[in-house]
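The sequence and structure come first.

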Amino acid sequence: MAPPLHPFRRHRKPSGPSRRSLLAGVAALGALGAAGCSRVPTEAGTNGGDLLDRLRATGVVRLGIAGEIPFGYINKDGELTGEAPELARVIFKRLGVDRVQPVPTEFGSLIPGLNSQQFDVVAAGMYINPDRCEQVIFSDPDYQMLDSFIVRKGNPKGLHNYQDVVEKKAKFATGTGYAEIAYAVEAGYPESDILIVPDQVAGLNAVEAGRVDVFAGTALTTREVVKKSSKAEVTEPFRPIVGGEPHVDGGGFAFRPTETKLRDAFNVELRKLKESGELLRILKPFGFTEDEMTDLTVKELCGG
């Protein structure tokens with residue numbers, strides 16, 4: 001689904017099945033999901049928790065996902081994939097945990113599900129923001145993300161940022177729960193005038209049909225969805241203004257607050273992947289580029 005005014009979802013899904021159809025698709029894994037939702041004893045609150053030791057003993061880590069392309073989803077072959085699960089496979093294998101098991105849920109249930117021990121870690125490309133940092137602990141971000149617009153070919157209204165949208169009284173759309181809602185409102189766009197659509201595919205359709213002038217999403221999702229369009233194009237990525245300053249979002253993995261030992265071990269391996277360049281190789285099949293690689297830290301994104 002970001003650290004704007006409130007915890008909207010950063011993430012949206014590049015071209016492909018809708019979130020609803022993706023969640024329906026994971027119904028076939030119901031037995032697996034049900035097994036994954038079994039409770040485990042509460043982790044120790046001292047010494048950083050013992051979850052890493054228990055994961056090594058069982059050889060399996062349960063990943064909370066929200067059925068969103070490209071962040072974490074079940075593909076048409078019934079297999080778990082996405083940037084976060086694929087990265088989790090690599091890191092947890094290095095930590096001595098050989099298997100990952102998906103636990104599909106709604107995005108809004110990821111943090112509650114994590115804290116009620118329905119799964120061990122959130123692997124959904126979740127934006128790191130101060131509100132969420134009060135509920136869970138995050139890894140350092142594995143990617144950063146700017147915003148971009150879908151507009152009609154030639155960008156007839158010259159829309160390059162949220163201020164342009166407000167000044168030119170453009171008809172504006174974005175997705176359900178997107179961080180871009182807050183960004184547009186902060187720029188002065190009336191929230192009641194925003195057309196909310198299910199996802200970026202619906203946003204592209206709205207632009208192509210002339211129902212809106214612009215659809216706002218992440219640079220990744222917008223550039224992926226317009227690839228086959230003959231009527232629309234994507235603008236250059238830009239930083240939204242948050243609190244008067246240019247802002248960059250970053251997404252990572254969430255852990256229960258007691259599990260600092262697991263989070264810290266995860267960060268060590270993530271740092272190695274960044275330094276070697278292997279992180280980009282893992283994320284590249286899901287549309288990520290060098291522009292999405294980041295040196296941001298969780299401390300910066302949590303606001304402290």
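## Basis

The expected span of a helix is 1.5 Å times one less than its number of residues. Helices (H or I, at least four residues) and strands (E, at least two) are DSSP runs, numbered from the N terminus.

The model is predicted: local features need pLDDT of at least 70, side-chain atom pairs count only at pLDDT 80 or more, and totals for chains, interfaces and linings use all residues. Residues are numbered from 1 along each chain as its sequence is written, and side-chain values use heavy atoms, with hydrogens and water left out.

## Helix α11

Helix α11 spans residues 260-276, 17 residues in total, and its first and last C-alpha atoms are 24 Å apart, close to the 24 Å expected at 1.5 Å a residue. Just after α11, G277 has a positive phi of about 85°.

Buried means under 20% relative accessible area, exposed over 50%, and partly exposed in between (1.4 Å probe, protein chains only). In α11 the buried residues are L262, R263, A265, F266, N267, E269, L270 and L273. They pack against α3 (51-58), α4 (83-94), β6 (137-138), β15 (249-255) and α12 (278-283), where contact means heavy atoms within 4.5 Å.

## Disulfide

The structure has 1 disulfide, defined as a pair of cysteine sulfur atoms within 2.5 Å. C133 is joined to C302, with an S to S distance of 1.9 Å. The pair links distant parts of the chain, 169 residues apart: C133 is in helix α6 (residues 130-133) and C302 in helix α13 (residues 298-302).

The disulfide is left-handed because the torsion about the S-S bond of C133 and C302 is about -70°. C302 counts as partly exposed, at 25% relative accessibility.

## Loop residue G188

G188 sits in the loop between α8 (180-186) and β10 (195-197). With a relative accessible area of 46%, G188 is partly exposed. G188 and Q163 are 25 residues apart in sequence and 7.7 Å apart in space, C-alpha to C-alpha.
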